[in-house]
Amino acid sequence: MLPATFKLCAGISYRHLRNMTGLRRNAMVALHHELRRLAGPGPGPGSWTGQVRRRSSLLSESPPPMRRRLLPDARSLTSCLSPGSRVEEGRGYSEEELSYVKQGEDALQTAISILSEQGGWSLETEAANGDRVLSKTLPGVGKVFRLEVELEQRPAHLYQELVGNMERMGEWNPRVKQVKILQKVGRDTLVTHEVSGDTPGNLVGPRDFVSVRCAKRRGSTCFLAGMSTQHPQMPVQRGVVRAENGPTCIVLKPCRHDPNKTHFTWLLNVDLKGWIPKSVINQVLSQTQVDFANHLRQRMAEPASGGALQVG
């Protein structure tokens, strides 16, 4: 019966047959009854229709990502990121807003991918308290720096300071003059303008950045990723060097030995622009990360401050 039904339906694709009275209707009714018969009386779809649906879904799926060698904690990091976390287009976001969301989430996925690579990291510097900065050079990305430290606070408390109080960072970090939120999209995406302060010895002058940031919490793990973007409210400023962030990300994860403490990871990739020797850039960026950890410790030791911006 099924081959005859398909022949009948195929016949109506010819114009001289499609115009025959009642033929189109009879073909569709026959196909409907045949599919119902194949589906059977059970609660789920029949085996034939189920195969068709599975074939259709396979065609629409993206190819599986390449396997990567993961660090001990990298599997848990990647598992925290749900593939369905993107903002749906039907929620009323503009094309520009959706572009910012995509940029932020792409930066997050790229950063986690970099952090998940096990080999190739070299030690840049290690402080007496155990804070370490590692680095590696990646094709198409350049040199990336990775800070690994342990902090006394829980991830949620640090996340609130770094994300909720983002615009107050200049109060406690002398390397930052100003952070201003230009736009917020949904719960997870921010567009910011940052102005850096002078470096020790004035090796590198002030820079400014326009960045899209993706802030997410997945269980007890927190992420703050970002990369450079453009925004109509903040064109390039005259007399100020506009630097660029590559994929960057801060990961806050409870320590295995004490969930009340945080394993803090900061992936940094920056193009400072200008004619600066690579040796100077490497020194400045690695020292910036070490100093940031020390200033953050001092900030978290102070009494809690209010007026936080709720994100995530």
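The following legends describe close-up views of a predicted model.

**View A. The second largest pocket and its lining.** The second largest pocket holds about 430 Å³ of space. Its lining comprises 19 residues, of which Gly-142, Lys-143, Val-270, Asp-271 and Ile-281 are the closest to the pocket centre. At least two lining residues come from each of β3 (142-151), β7 (221-228), β9 (244-245), β12 (270-271) and α8 (278-301). Helix α8 makes the greatest contribution to this lining, with 4 residues.

**View B. The crossing of helices α7 and α8.** Two packed helices are described by the angle between their axes and the distance between the axes. For α7 (residues 155-164) and α8, the axes come within 12 Å and cross at roughly 105 degrees. Helix α7 is therefore roughly perpendicular to α8. The residues forming this contact divide into 5 nonpolar, 1 polar and 2 charged. On the α7 side they are His-157, Leu-158, Glu-161 and Leu-162, which meet Phe-292, Leu-296, Arg-299 and Met-300 of α8.

**View C. The surroundings of helix α7.** Helix α7 is mostly covered, since 7 of its 10 residues are buried. The buried residues in α7 are Pro-155, Leu-158, Tyr-159, Glu-161, Leu-162, Val-163 and Gly-164. These buried residues pack against the strands β3, β6 (207-218), β7, β10 (248-254) and β11 (262-268), as well as against helix α8.

**View D. Ser-135 in strand β2.** Ser-135 belongs to strand β2, which spans residues 132-138. With a relative accessible area of 4%, Ser-135 falls under the 20% limit and therefore counts as buried. Leaving aside residues up to four places away in sequence, Ser-135 touches Gly-120, Trp-121, Ser-122, Glu-124, Lys-143, Val-144 and Phe-145. Ser-135 and Arg-146 are 11 residues apart along the chain, and their C-alpha atoms are separated by 6.0 Å.

**View E. Thr-189 in strand β5.** Thr-189 is part of strand β5, which covers residues 189-196. The relative accessible area of Thr-189 is 3%, so this residue is classed as buried. Apart from residues up to four places away in sequence, Thr-189 is in contact with Tyr-100, Val-101, Gln-183, Lys-184, Val-212 and Arg-213.

Notes. Residues are numbered from 1 along each chain as its sequence is written. This is a predicted model: local features need pLDDT of at least 70, side-chain atom pairs count only at pLDDT 80 or more; totals for chains, interfaces and linings use all residues. Side-chain values use heavy atoms; hydrogens and water are left out. Buried means under 20% relative accessible area, exposed over 50%, partly exposed in between (1.4 Å probe, protein chains only). Contact means heavy atoms within 4.5 Å. On a 1 Å grid over the protein atoms alone, a cavity is a set of points where a 1.4 Å probe fits but cannot get out, and a pocket is an open set with protein on both sides within 12 Å along at least five of seven lines; lining residues have an atom within 4 Å of a point. Grid points are joined across faces, edges and corners, and a volume is the space filled by probe spheres set on the points. Axes are lines fitted to C-alpha atoms, for helices over the stretch in contact, and angles run from 0 to 180 degrees between N-to-C directions. Angles under 35 degrees count as roughly parallel, over 145 as roughly antiparallel, 65 to 115 as roughly perpendicular and the rest as oblique. Ala, Val, Leu, Ile, Met, Phe, Trp, Tyr, Cys and Pro count as nonpolar, Asp, Glu, Lys and Arg as charged, and the others, Gly among them, as polar.
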